[in-house]
Amino acid sequence: ALFATVDTTNDIAQAKQAPAPLRSAEPRSAAERHATGVVRTDWTKEEIQEIYDSPLMDLLYQAATVHRQYHNPLEVQQCTLLSIKTGGCQEDCSYCPQSSKYKTNVKAGKLLQEDVVIQAALKAKEAGSSRFCMGAAWRDMNGRKTNFKTILGYVREIRGMGMEVCCTLGMLTAEQAQQLKEAGLTAYNHNVDTSREYYPKIITTRSYDERLQTIANVRDAGISVCSGGIIGLGEKAEDRVGMLWTLATLPEHPESVPVNALLAVEGTPLEQQKPVQIWEMVRMISTARIVMPKSMVRLSAGRVRFSQPEQALCFMAGANSIFTGDKLLTTPNNAYTDDQAMFDILGLTPKQANHRQGSDKYLPEEPAPVVSGGKLVIEG
């Protein structure tokens, strides 16, 4: 057989002369400069503003890179939020249809009975949720000893199902936070809502410092802190940055940071607000991911307005949690079947419950089960 001889000398020479991949000696943006994955609580507002203002494509890429340092990018936690006490709240939060100050379609109700709450939790677990959240439209728990005792019972039962349990019940004292911890509460949600500067334009019945005090009480009790805010309230970009700065400079980053897009409700002072655009949400989530790299960033209220491709951008930016179910407290949410289809299309898997949160993250690891002689045993 005859074989042709191929001269590759020129090809090799040309390959050696090919330009190297484009790399910049200097960071292309503040997002690239700060996307180190290092956990810091000494951020300045100027640093966070520069990250927020970075070119969106680079901001998204840098956030996605940081996200992969601490999180599985294909895992997204499914959570369920149930309003266990709806309406009649004495607060004047301008965005909230549950305030008694405004005329909305929300009607005040009493605390839900145990069987209703437990059935909802069981249904949520069967549908794939690993975190069950209970919300009550109260300013605080003062004078509600019976209701509080009932809720402690709910927490114990749902924790016994193997789910993470979260509550949002208004302001808490240090003693109440400790009781919730002892009952097995995983996390407590208490949002700061917006920046300290813009806050008085949204709420006048509760101060910013009162919110921070509840967060401190929760953290000191060893409960995981869930705290974020809402965009689309009429605030400016610097207010969004200010909110992130408040959270990122707490003594310890919140273990969960919900990012909500306002769903304007008829009858509230903010009923005429324009819907949040997807690029605003992506910019907010990306910045949160870079400045709080270990936190769960939760794509929360307002998701119903975003298409599957738009939600995919949020997951790419670092969001790794959604609320499932047909509504969030009193506002509409994405259909369960739509979410399952989205998970299938994007190749996402539900994130399992994490009970090593708050002070429990310092507990010794549980011994792994081993098989001996065909029987399952636990060592230790």
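User: What makes the crossing of α9 and α10 right-handed or left-handed?
Analyst: α9 passes α10 in a right-handed crossing. A crossing is right-handed if the near helix is turned clockwise from the far one by less than a right angle, and left-handed if anticlockwise. This is a predicted model, where local features need pLDDT of at least 70, side-chain atom pairs count only at pLDDT 80 or more, and totals for chains, interfaces and linings use all residues. Residues are numbered from 1 along each chain as its sequence is written, and side-chain values use heavy atoms, without hydrogens and water.

User: Why are α9 and α10 called roughly parallel?
Analyst: Helix α9 (residues 237-248) and helix α10 (residues 278-291) pack at about 25°. Angles under 35 degrees count as roughly parallel, over 145 as roughly antiparallel, 65 to 115 as roughly perpendicular and the rest as oblique. So α9 and α10 are roughly parallel.

User: Why is Gly222 called buried?
Analyst: Its relative accessible area is 8%. Buried means under 20%, exposed over 50%, partly exposed in between (1.4 Å probe, protein chains only). Therefore Gly222 is buried.

User: What makes strand β1 largely enclosed?
Analyst: Nine of the 11 residues of β1 (residues 75-85) are buried, so the rest of the structure largely encloses this strand.

User: How do you know that β1 pairs with β2?
Analyst: Two strands pair if DSSP finds at least two bridges between them. Six bridges join β1 to β2 (residues 131-136), and the two run parallel. In this pairing, Cys79 stands opposite Arg131 of β2.

Note on methods. Axes fitted to C-alpha atoms, helices over the stretch in contact; angles between N-to-C directions. Helix = DSSP H or I, 4+ residues; strand = E, 2+ residues; numbered from the N terminus.
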